[in-house]
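Thanks for coming, everyone. Please have the sequence and the model open while I talk.

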Amino acid sequence: MEWDYDLDDETFDAPAHGLFIVNEGSFQYGNATLSFYDPQNNNVENEIFLRANGMKLGDVAQSMTVYGDKGWIVVNNSHVIFAIDTKTFKEVGRIENLTSPRYIHFVSDEKAYVSQLWDNRIFIIDPRRYEVTGYIDVPDMTMETGSTEQMVQVGRYVYCNCWSYQNRIIKIDTETDRIVDQLTVGIQPTSLVVDRDNRLWTITDGGYDGSPYGYEAPALYRIDLETFTVDRQFRFKMGETPSELNISGDGTRLYWLNEDVWQMDVDAARLPVKPLIKSRSTKYYGLTVAPVSSEVYVGDAIDYQQQGIIYRYTSGGDLIDSFYVGVTPGAYCWK
Amino acid sequence: MIMNVNLKPILSITCALAVALSSFAAERDLKEVVVWGRRPMKEIGVQKTTFDSLALKENIALSMADILTFNSSVFVKSYGRATLSTVAFRGTSPSHTQVTWNGMRINNPMLGMTDFSTIPSFFIDRASLLHGTSSVNETGGGLGGLVKLSTAPDVVRGFQAQYVQGIGSFSTFDEFLRLGYGNDHWQFSTRAVYSSSPNDYKYVNHDKKVNIYDDDKNIIGQYHPTERNRSGAFKDFHVMQEVYYNTNCGDRFGLSAWYIDSNRELPMLTTDYGDERDFENRQREHTFRGVMSWDHSRESWKTTVRGGYIHTHMAYDYRREVAEDLWADMTRSRSRVNTFFGQAEGEYAPTRKWYFNAGVSAHQHFVRSEDKNVIQQNGDKAIVGYDKGRIELSGSVSAKWQPVDHIGLSAVLREEMFGDRWAPLIPAFFVDGLLSRRGNVMVKASVSKNHKFPTLNDMYFQPGGNPDLKSEQGWTYDAGLSFDTAGKNPLPFTLSGEVTWFDSRIDDWIIWLPTPKGFFSPRNVKTVHAYGIEARLNLAVKPAEDWLVDINGSYSWTPSINDGEKMSPADQSVGKQLPYVPKRSASLTGRLTWKSWSFLYKWVYYSERYTMSSNDYTLSGHLPEYYMSNISLEKLLSLKPLDLQLKLAVNNLFNEDYLSVLSRPMPGINFEFFIGLTPKF
């Protein structure tokens, strides 16, 4: 068998601003990849991790976070987080032997949290040494039902949604690394954002028909962080599948996927009746909004076994560009 | 009364070849290597590959996955010994291949497929493939075909015993014991095999690099590590008891009972950065299969009645050590399958020209699947899973007609039901004709429409099961030419071959796709056009006294094309080859026998397999073509108290660095030595 590996590592010099696209790949194939898109020149580079480092990214890449000049790619089923230089895409370090990592959130230069699936602990990381330094135990959760997901920080508190067979938002005190409060929302909150008024938003998927955990209409929740209570709830129809809650760079408009791409003002009184971007037999899978231009990028995973495509729209919903990336583009990260 | 084409000249030569070498090993039936051209009316127009006993009994370390790999045109997807091994028969999916054992279907009713790595070839006495349409003679749902496996009474008088011990690379041990007793009426046989290995072979991990750091944790170097296969250990135990009673007046009774206790780790991917000491990924299986049969034969008719039972308990555990000696479950899934089986068949041949057959079978499945333990919102514990029963009925009638000796016609009508749904009628038509007696050149053709029910997981798995799925269905056309000949000049030989063209379109192909809720769900989405050519050739030559050369080759070209609608405007998969189905494959086995020595060379080739439905070439998803060669050398010593069999097998002879499945490296060159003892009572 002729190998294509061990090719010379490529040298990249990425522009200062751009979009990383995390392509999950297929479960158990080990074919996750990383792409980089330069919106200035409408140029995409695929498989940049492999091309820059001469090794694969791994199995099921879940998310990426840029902190300083490093990009941290969480590769769920490889039990690893790679740190890369965001200019050259070269690896600068890695955190190994995680359980089933989902997202990484930086509390400071010295501390980061890693949420997990199938683990009732959030891992505390020293990003300078790439080492696990401790754990935050999540109450009322076993390893098997463990699920902590996206994290956002307001002041000294980090908020995290608990998703798989869960219905909670937990509140972590970053000074003590302890959970100090939790709030019950609907079944399976999928994603989490903070708006310009420091209000927390989450969107639930409602579970599924036949689930022993329950099945209900999904909903969008607005949470007052002063009182840590739900101050507004927007209910979807039973059977709908909202996900991928995003917010514009100025924190004024919410975006999500529910077959189509939807947009709503954070002060709106009701859910919108018309989508921003209609599905065209597409299987929208991932969504992001450019922090400055508010352009909308939405991925179509097609059959989840081929290169997915990213559509780039203006903030008004007009198509600007489209480009193929890797298998199952699921997450984005702005640089 | 079975009608055969008259092939006396060929048979006399082949029998002579067999007799000349019959002293080599009592348990070997060399006749099967060289007897060709028998054409029972039952097999009019049928495309069939039969595995001879030499292939099945080559060594105790082989599973049926290995037999299919090296002796047929079927693609076996596997990532090493004692790992899930599924087949793509004529470019179809694993669940499109039906598998029967002593007439009872043994496909897992939850998944639809069969793991051929759990079937030791030493437990199978007769094995054949019925390609495409030909499977309709035996069962429905074989859109790719049928793998037909069975046990058979060993013709022994008195006591017989055989023990084989294998010792191989990676601390692999294989043990096999067979005890038998027979007289004019009774045959008893007990077989047991136990295989174990840490299976920790070394390989260069091309997918990963190890970092070298300075004191400040800066990377100062990287290299591809040489690793051992992690979490690949297995312990498999099989025991089989058979009892046969023959009245010698046309009635035969049989009982076969087979128990499996399998304990296997699931190997880690090459891209896994977990510490294997901190994770356990293990699958355990207990399976019992039993079949009772009664054959009642008379001059012109025969009836067969069978009853059977299968129990399977599967346990999958994925655990992590969270503190010293404290392991926590991450996934703990259990499944139990109980299947009751009944079958009745009748054959009637009123004249030389007519043959009728009718049969009904029933498989009643009871499945309990517990996939995940959850804590409900009120704090109570609950299980995610399903508990379902399903009856599957199949009935067929067929008529075969040979108006003249050299032409045969056959029609089969089959009706099937699953749960409370009836499939449309499955018709199949076959024709064959003897073009030339010289060389026994035959032409065969067949056509059928077949249906395959969704599996129980397809319909009920939680979450994602889709009870509204339709059956997968399609038309299949076959046409082929075969010949077999034999001669004495310049050397005694037999030569046979077959080439078959097939074409099938499968609609409503079921695939599992992710949903926005984070789980997968099956849908009827694809239309697949699978077509191609299968060819086989066999040559057996006796170059001199005590010498035998036997060569078998197969080649297949199997485009398997996504012929459906675009799933999305940007879909690039239409008109492309299905992932993990090689377009071309070939195999060759060559055996050289001299007196009590035997040398075997096995070779297989697979073209590139795509891992993406768009057939894109990417660095992260590329499986290049590969060639594989295995050899073995065997010597039989006939001593006074016993026969002693010594064998050395070398696998991956040229130490090929290859993958069959993405991120699953295969072992390099490895060895196993076998010693077999057959006492003389």
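Helices and strands here are DSSP runs, numbered from the N terminus: helices are H or I with at least four residues, strands are E with at least two. This is a predicted model, so local features need pLDDT of at least 70, side-chain atom pairs count only at pLDDT 80 or more, and totals for chains, interfaces and linings use all residues. Residues are numbered from 1 along each chain as its sequence is written, while chains are lettered from A and ligands numbered from 1 in the order in which they are written.

Confidence next. The model scores ipTM 0.94 and pTM 0.92. pLDDT is the predictor's confidence in each residue, from 0 to 100. Chain B averages 91, and 94% of its residues score at least 70. Residues 1–38 of chain B fall below 50. In the model, that stretch has 65 contacts beyond near neighbours in sequence. A contact means that two C-beta atoms, placed from the backbone, lie within 7 Å. Where pLDDT is low, the predicted coordinates should not be read in detail.

Now the build of chain B. There are five helices and 39 strands. The C-alpha atoms fill a box of roughly 85 × 60 × 45 Å along the principal axes. What is the radius of gyration of chain B? It is 26 Å, which agrees with the value near 26 Å for a compact globule of 681 residues. That radius is taken over C-alpha atoms, and the globule rule is 2.2 Å times the number of residues to the power 0.38. Of the contacts in chain B with a separation of 6 or more, 64% join residues 24 or more positions apart. Buried residues make up 46% of the 681. Buried means 20 or more other C-beta atoms within 10 Å of the residue's own, exposed means 12 or fewer, and partly exposed is in between; the C-beta atoms are placed from the backbone.

Two cis peptide bonds in chain B deserve a look. One joins Gln462(B) and Pro463(B), with omega about -5 degrees. Pro463(B) sits in the loop between α5 (456–460) and β26 (472–487) of chain B. Another joins Asn489(B) and Pro490(B), again with omega about -5 degrees. Pro490(B) is in the loop between β26 and β27 (493–514) of chain B.

Staying in chain B, Asn102(B) is not a glycine, yet its phi is positive, near 50 degrees. Its place is the loop between β4 (97–101) and β5 (104–105) of chain B.

On to the interface. The contact takes 61 residues from chain A and 63 residues from chain B. On the chain A side, the elements giving two or more residues are α1 (48–53), β7 (91–95) and β25 (307–313) of chain A. β7(A) gives the most, with four residues. By class, this side has 20 nonpolar, 25 polar and 16 charged residues. Ala, Val, Leu, Ile, Met, Phe, Trp, Tyr, Cys and Pro count as nonpolar, Asp, Glu, Lys and Arg as charged, and the others, Gly among them, as polar.

Now to strand β21 (residues 253–258) of chain A. Why call this strand largely enclosed by the rest of the structure? Because six of its six residues are buried. In a regular strand the side chains alternate between the two faces of the sheet. Here, Arg253(A), Tyr255(A) and Leu257(A) point one way, and Leu254(A), Trp256(A) and Asn258(A) the other.

What about its partners? Two strands pair if DSSP finds at least two bridges between them. β20(A) and β21(A) run antiparallel, joined by three bridges. Ile247(A) stands opposite Leu254(A). The two strands form a hairpin with five residues between them, and Gly251(A) in the turn has a positive phi of about 70 degrees. β21(A) also pairs with β22 (residues 260–265) of chain A, antiparallel, over six bridges. There, Leu254(A) stands opposite Met264(A). One residue separates the strands of this hairpin, and Glu259(A) takes a positive phi near 70 degrees.

Look at Glu244(A) too, in strand β20 (residues 243–247) of chain A. Its phi is positive, about 60 degrees, although it is not a glycine. With 23 C-beta neighbours inside 10 Å, Glu244(A) counts as buried.

Last, an open sheet in chain A. Its four strands have the order β3-β2-β1-β27, with antiparallel pairing. The edge strands, each pairing on one side only, are β3 (43–45) and β27 (329–334) of chain A. β1 (residues 19–23) of chain A and β27(A) pair over five bridges. Ile21(A) has Tyr332(A) as its bridge partner in β27(A).
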